[in-house]
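Here is a short briefing on one protein model. Keep the sequence and the 3D view open while you read.

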Amino acid sequence: MRTIGLIGGMSWESSAEYYRLINEDVRVRLGGQHNAQSLMVTVDFAEIEDMQRAGDWEAAGDRLAGAAATLERAGAEYIALCTNTMHVVAGQIETAVAVPFVHLVDATAEPVKAAGLTRIGLLATRFTMEMDFYRERMAVHGIEVVVPIEADRKSIHDIIYNELTLGVLRDESREEYRRIMADLAERGCEGMIYGCTEITLLVDASDSPVPVFDSTRLHAERLVDLALT
């Protein structure tokens, strides 16, 4: 079994979800007492959030690149970043290490393509919805990404940062996400990407009128595929 390197802490709730999903999947596939061989470097999300707010993506990239290098030195055979938004600095991370970096967007795009879908809605932080890195990477796979209207983007983002990253789950917020997804489906979206690792703490496939692609679970499954090859 190969050793997975995980860059976590953005937030720790999502990192815990990655750890759970990876180890549950290994147990299902191998049975018995098996779990994944893994290493995790956890950064302080408060520091990363300050860099996000300031738009200092280079500094954030340097911080995560350093975490990746630490994982490589510790014996990680490939590396994953346990967050969607910070894939904006994936290039800095990749260049900091010699071992492979497993990109979350690629892991999410593969099953979307396999389902024959080409137009898909995205729920994520404002950074992920409004910056180009996610849409451009999906476009390489032939997938058009549609984001909610501006007011709904703000609502999604605020719920993530003010509630989900703090472990707060509210029924009112669940209904808000359901409303936004229904609107995206009416705009022609054939599926929905849960593009923030905390979103699945609040909603699941039953909350969407179209098929859901949970980026966290899909990324975790890809990491297990690699661990067992």
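G5 has L39 in β2 as its bridge partner. This is a predicted model, where local features need pLDDT of at least 70, side-chain atom pairs count only at pLDDT 80 or more, and totals for chains, interfaces and linings use all residues. Residues are numbered from 1 along each chain as its sequence is written, and side-chain values use heavy atoms, with hydrogens and water left out.

- Strand β1 (residues 4–8) and β2 run parallel and are joined by five bridges.
- Strands (E, at least two residues) and helices (H or I, at least four) are DSSP runs, numbered from the N terminus.
- Two strands count as paired if DSSP finds at least two bridges between them.
- The sheet is open, with three strands in the order β2-β1-β3 and parallel pairing.
- β2 (38–42) and β3 (78–81) are the edge strands, each with a single partner strand, so one side of each has no neighbour in the sheet.
- On average, neighbouring strands of this sheet are turned by 20° against each other, direction ignored.
- Helix α1 (residues 12–30) lies across β1, β2 and β3 and runs at about 155° to β1.
- Axes are lines fitted to C-alpha atoms, for helices over the stretch in contact (heavy atoms within 4.5 Å). Angles run from 0 to 180 degrees between N-to-C directions.

**Four-stranded sheet**

- A second open sheet has four strands in the order β5-β4-β6-β7, again with parallel pairing.
- β5 and β7 (212–214) stand at the edges with a single partner strand each, so one side of each lacks a neighbour in the sheet.
- The twist from one strand to the next averages 30°.
- Three bridges pair β4 with β5 in the parallel sense. R119 stands opposite E144 in β5.
- Helix α9 (residues 171–186) lies across β4, β5 and β6, at about 160° to β4.

**Helix α7**

- Which residues of α7 (residues 132–140) are buried? They are F133, Y134 and M138.
- Seen down the axis of α7, these buried residues fall within an arc of 125°, so they line one face of the helix. The arc is that of the directions from the helix axis to the C-beta atoms.
- E136 and V140 are exposed, on the face turned away from the buried side.
- Buried means under 20% relative accessible area, exposed over 50%, and partly exposed in between (1.4 Å probe, protein chains only).
- The buried residues of α7 pack against several elements, including α5 (104–114), β4 (119–123) and α10 (215–227).
- G142 follows α7 and has a positive phi, near 80°.
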